[in-house]
Amino acid sequence: QFDNLDKHTQWGIDFLEKYAKFVKERIEIEQNYAKQLRNLVKKYCPKRSPKDEEPRFTSCIAFFNILNELNDYAGQREVVAEEMGHRVYGELMRYSHDLKTERKMHLQEGRKAQQYLDMCWKQMDNSKKKFERECREAEKAQQSYERLDNDTNATKADVEKAKQQLNLRTHMADENKNEYAAQLQNFNGEQHKHYYIVIPQIYKQLQEMDERRTIKLSECYKGFADSERKVIPIISKCLEGMILAAKSVDEHRDSQLVIDCFKSGFEPPGDFPFEDYSQNIYRTISDGTISTPKQEGMRIDTKTTVGKAKGKLWLFGKKPKPQSPPLTPTSLYTSSTPNGSQYPIFSIEPVHYCMSDLKTGKPRIPSFRSLKRGHFCLQGPALEDFSHLPPEQRRKKLQQRIDELNRELQKETDQKDALIKMKDVYEKNPQMGDPSSLQPKLTETMSNMDRLRMEIHKNEAWLSEVEGKVAARSDRRHSSDINHLVTQGRESPEGSYTDDANQEVRGPPQQHAHPNEFDDEFEDDDPLPAIGHCKAIYPFDGHNEGTLAMKEGEILYIIEEDKGDGWTRARRHNGEEGYVPTSYIDVTLEKNSKGA
């Protein structure tokens, strides 16, 4: 069965290599799977910028955590592949090489033993054949001797010669017999040794080799499973992390983040007032002297028509400020009633009315204001104080900047302390360094600290201003309805005043209107009443169009508050108006300014 055992052991090695190939392909699958998982994570991971401005929603954070856990999961698949490659595949390939060498050695020993036994058999067979041949020759010599000895005609010399030949052949047969017996004994001994000692020992070695191969396969099967089982706890943690990430999603928190992100701080628009275009018709019908100004050839001033709504038809328009129309002879006539009272009579023409409304209507669209002031933000100091942003967003940005400046200030402070300590060490131990070499760096650090403190102070001033405005706006929001009711007692639905001039609460009179003024923001020619005053804290150049230059300490009238964009409308004593940065002034509003 030597050849069958040879085939069996070869099959065992082939099966071992086949399993090793299976493990190698499994390793490649794990590696490709891990690689594809990592590529998937990399594809969907956010490319974070140095400053991530995006709101951190819990759903996004949960997804990013799931991606991180999936990346860790991919790492565990790589660990599985590495463990299989090192513990299973590599061990199998080394053992296969050793197994081939050992099998080859045992088979060579078996072949050598078989060859030696065959050689002994050949020697025994040759001696046997030689002994057989000598026996036949001896028999022939004996027959020849007997024939000559019985022959009477044979000479004595022939008989003696035949006798000598017989003795010689008999002696050679005896020698060959002894040699054959020795060879036979030797062969029998070697054959017994071959079949009872040598071959069983070789077969036992082959059996042990095959059993070790089977044990190695069993160990590799176990190692193959252990490689997977070792990472199961970590994979379970990854899956638990994904579940925890899913549970961490909070819809209310996400909604609050959206609210905080887009909260502007602007007040909602007021109600649209009713615009009574029939008021002039009723007044002209009750007057009866509408033809008088035409006969006098007076020109109608369309700026004083009641139909002028001051931009109330524009979306998000603010509540109109009650103020008396200019009393000019070209647009207002008085007429006496039977009870002796006087009331104004307005003369109006359709074309003049339309042109007047287009020319003098004041748009109150915040988007238009933001467009114009956005231009200021690009050129003026608005970018520095975030005045181009809504109040709430501006407050957040300022708070973030203050926190960053505080961190930088802390770094500079730590650096200053370290330099001072190093300078003290140098002064005590001059051999370690020159103390004067640290002075420029120390001076630079102190300068940076002063600069940072100034920046922090400036940003804190802007922040306190924004926070104060937001609080004041919320307080004013409660009193706006009361002021609206008070104003309606003396204001018509479209913004013109009632006939009783004694009930009007009027601001500073502006009798001298400039007829040639027509500025780019479509403002009314009538100056707005002052609602407070301000003092310039910093100088402002006012190079941009629509801005007002001011000097430090200059006192200005406030005619329009900051709408959240960082600009306040002010007026000088000489009547010059424009916008100034809110952060550059100290504002003082008059009490009851809404009704002034």
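Okay, quick ground rules. We're looking at a predicted model, where local features need pLDDT of at least 70, side-chain atom pairs count only at pLDDT 80 or more, and totals for chains, interfaces and linings use all residues. Residues are numbered from 1 along each chain as its sequence is written, and side-chain values use heavy atoms, with hydrogens and water left out.

Let me start with the sheet. It's an open one of 5 strands, in the order E6-E5-E4-E3-E7, with antiparallel pairing. Strands here are DSSP runs of E with at least two residues, helices are runs of H or I with at least four, and both are numbered from the N terminus. Two strands pair if DSSP finds at least two bridges between them. At the edges you'll find E6 and E7 (585–589), each with a single partner strand, so one side of each has no neighbour in the sheet. Direction ignored, neighbouring strands are turned by 40° against each other on average, with axes being lines fitted to C-alpha atoms, for helices over the stretch in contact, and angles running from 0 to 180 degrees between N-to-C directions.

Now, E5. How many residues of strand E5 are buried? It's 5 of the 5, residues 567–571, so the strand is largely enclosed by the rest of the structure. By buried I mean under 20% relative accessible area; exposed is over 50%, and partly exposed is in between, with a 1.4 Å probe and protein chains only. Both faces are covered: Trp567, Arg569 and Arg571 are buried on one side, Thr568 and Ala570 on the other.

On one flank, E5 runs antiparallel to E4 (residues 555–560), joined by 3 bridges. Glu560 has Arg569 as its bridge partner in E5. The two strands make a hairpin with 6 residues between them, and Gly564 in that turn has a positive phi of about 105°.

On the other flank, E5 pairs with E6 (residues 577–581), again antiparallel, over 5 bridges.

Which residue does Arg569 meet in a salt bridge? Glu577, with the closest N and O atoms 3.0 Å apart. For a salt bridge, I'm asking for a side-chain nitrogen of Lys or Arg within 4 Å of a carboxyl oxygen of Asp or Glu. Arg569 is at 5% relative accessible area, so it is buried, while Glu577 is partly exposed at 28%.

By that rule, the count is 26 salt bridges. One of them is Arg77 to Glu228, at 3.0 Å from N to O. That pair links distant parts of the chain: Arg77 sits in helix H2 and Glu228 in helix H3, 151 residues apart. Arg77 is buried at 5% relative accessibility, and Glu228 is partly exposed at 24%. Compare Arg229 and Asp226, whose closest N and O atoms are 2.7 Å apart. Both lie in H3, 3 residues apart, about one turn of the helix. Here Arg229 is exposed at 53%, but Asp226 is buried at 9%.

On to the cores. A nonpolar core is a set of buried Ala, Val, Leu, Ile, Met, Phe, Trp, Tyr and Cys residues joined through side-chain atoms within 4.5 Å. The largest has 31 residues, and those with the most contacts inside it are Tyr19, Val23, Val88 and Leu92. Helices H1 (2–44), H2 (58–150), H3 (156–230) and H4 (232–247) each supply at least two residues, with the largest share, 13 residues, coming from H2. Take Val23: leaving out residues up to four places away in sequence, it touches Met84, Val88, Tyr89, Leu92 and Phe224, where contact means heavy atoms within 4.5 Å. There's also a second, separate core of 14 residues, including Ala536, Leu556, Tyr584 and Ile585.

Last item, the record. The unreviewed UniProt entry annotates residues 121–165 and 395–429 as "coiled-coil region"; positions are in the numbering used here, feature names are shortened, and annotations may be inferred rather than shown by experiment. In the model, residues 395–429 are 97% helix and 0% strand, with end C-alpha atoms 50 Å apart.
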